Amino acid sequence: MSDLELLTQSLARNVKRWRTERGFTLDALATRAGVSRGMLIQIEQARTNPSVGTVVKIGDALGVSITTLLDYESGPKVRIVPPEQVVRLWSTERGSYSALLAGTEAPGPLEMWEWHLMPGDASASDPHPAGTIELLHVTHGTLTLVVDGVDHPVPAGHSASFEANAPHTYDNRGAEPVAMTMAISVPFDR
């Protein structure tokens with residue numbers, strides 16, 4: 001089975017498991033996540049490979065991390081993630097990417113990401129649920145963090161934190177690549 005097939009099967013099993021555990025019908029989850037009932041059915045039957053945005057919306061609606069939705073191992077309390085198991089969920093032809101390094105439930109999703117943005121690349125994010133906090137640390141280049149339409153330059157060696165319940169964008173307007181590590185904490189609200 002290929003990595004993509006394994007992830008598709010894991011996503012199907014985990015979405016159904018968490019939907020059932022939360023007591024959500026397909027219609028209720030579709031409404032909470034802002035995706036169609038048909039899309040959820042296809043995901044739960046492992047008949048589609050949804051976009052990252054769709055997986056994020058479903059995870060937010062269920063109050064679980066993307067790591068939990070894509071996890072195909074039921075691991076112990078300590079989980080070591082080797083580099084070959086890091087999941088790249090966004091990339092561009094220029095070489096920009098984001099990689100989900102680790103995640104857990106605490107009690108809502110808590111995720112750690114590695115981001116690389118090549119010059120001229122940007123990644124926009126819809127608002128997350130109220131109470132979501134993002135922390136980031138830039139290790140190379142200068143990130144332009146745009147939160148609710150306001151630019152915030154974050155140079156290498158600097159960190160930032162913000163409430164992520166507003167539209168936000170990670171933008172590289174400079175001439176060199178941007179590298180950063182980011183953590184996201186999303187509260188679960190049944």
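**Exercise 1. Classify the exposure of Glu-21 and describe its salt bridge.**

Step 1. Glu-21 has a relative accessibility of 42%, so Glu-21 counts as partly exposed. On this scale, buried means under 20% relative accessible area, exposed means over 50%, and partly exposed lies in between (1.4 Å probe, protein chains only).

Step 2. This is a predicted model: local features need pLDDT of at least 70 and side-chain atom pairs count only at pLDDT 80 or more, while totals for chains, interfaces and linings use all residues. Residues are numbered from 1 along each chain as its sequence is written, and side-chain values use heavy atoms, with hydrogens and water left out.

Step 3. The side chain of Glu-21 forms a salt bridge with that of Arg-17, at 3.7 Å from N to O. A salt bridge is a side-chain nitrogen of Lys or Arg within 4 Å of a carboxyl oxygen of Asp or Glu.

Step 4. Both residues belong to helix H1 (residues 3-22) and are 4 residues apart, about one turn of the helix. Helices (H or I, at least four residues) and strands (E, at least two) are DSSP runs, numbered from the N terminus.

Step 5. Arg-17 has a relative accessible area of 43%, so Arg-17 is partly exposed.

**Exercise 2. Find which parts of the chain the salt bridge between Arg-19 and Glu-44 ties together.**

Step 1. The side chains of Arg-19 and Glu-44 meet at 2.6 Å, N to O.

Step 2. Arg-19 is in helix H1 and Glu-44 in helix H3 (residues 37-44), so the pair ties together parts that are 25 residues apart in sequence.

Step 3. Arg-19 and Glu-44 are both buried.

**Exercise 3. Follow the salt bridge of Asp-151 to its network.**

Step 1. Asp-151 and Arg-173 meet through their side chains in a salt bridge of 2.5 Å, N to O.

Step 2. The pair links distant parts of the chain, 22 residues apart: Asp-151 is in strand E7 (residues 150-155), and Arg-173 is in the loop between strand E9 (168-171) and strand E10 (178-185).

Step 3. Asp-151 is partly exposed, with a relative accessible area of 40%, and Arg-173 is partly exposed at 49% relative accessibility.

Step 4. A search of the whole structure gives 6 salt bridges.

**Exercise 4. State the strand order of the open sheet that contains E7.**

Step 1. The sheet has 4 strands in the order E4-E9-E6-E7, with antiparallel pairing. Two strands pair if DSSP finds at least two bridges between them.

Step 2. Strand E4 (122-125) and E7 are the edge strands, each pairing on one side only.

Step 3. Strand E6 (residues 142-147) pairs with E7 in the antiparallel sense over 6 bridges. Leu-143 stands opposite Val-154 in E7.

**Exercise 5. Sort the residues of strand E3 by face.**

Step 1. In a regular strand the side chains alternate between the two faces of the sheet.

Step 2. In strand E3 (residues 109-117), the covered face holds Pro-109, Glu-111, Trp-113, Trp-115 and Leu-117. The uncovered face holds Leu-110, Met-112, Glu-114 and His-116.

Step 3. E3 pairs with E10 in the antiparallel sense over 8 bridges, and Trp-115 has Met-180 in E10 as its bridge partner.
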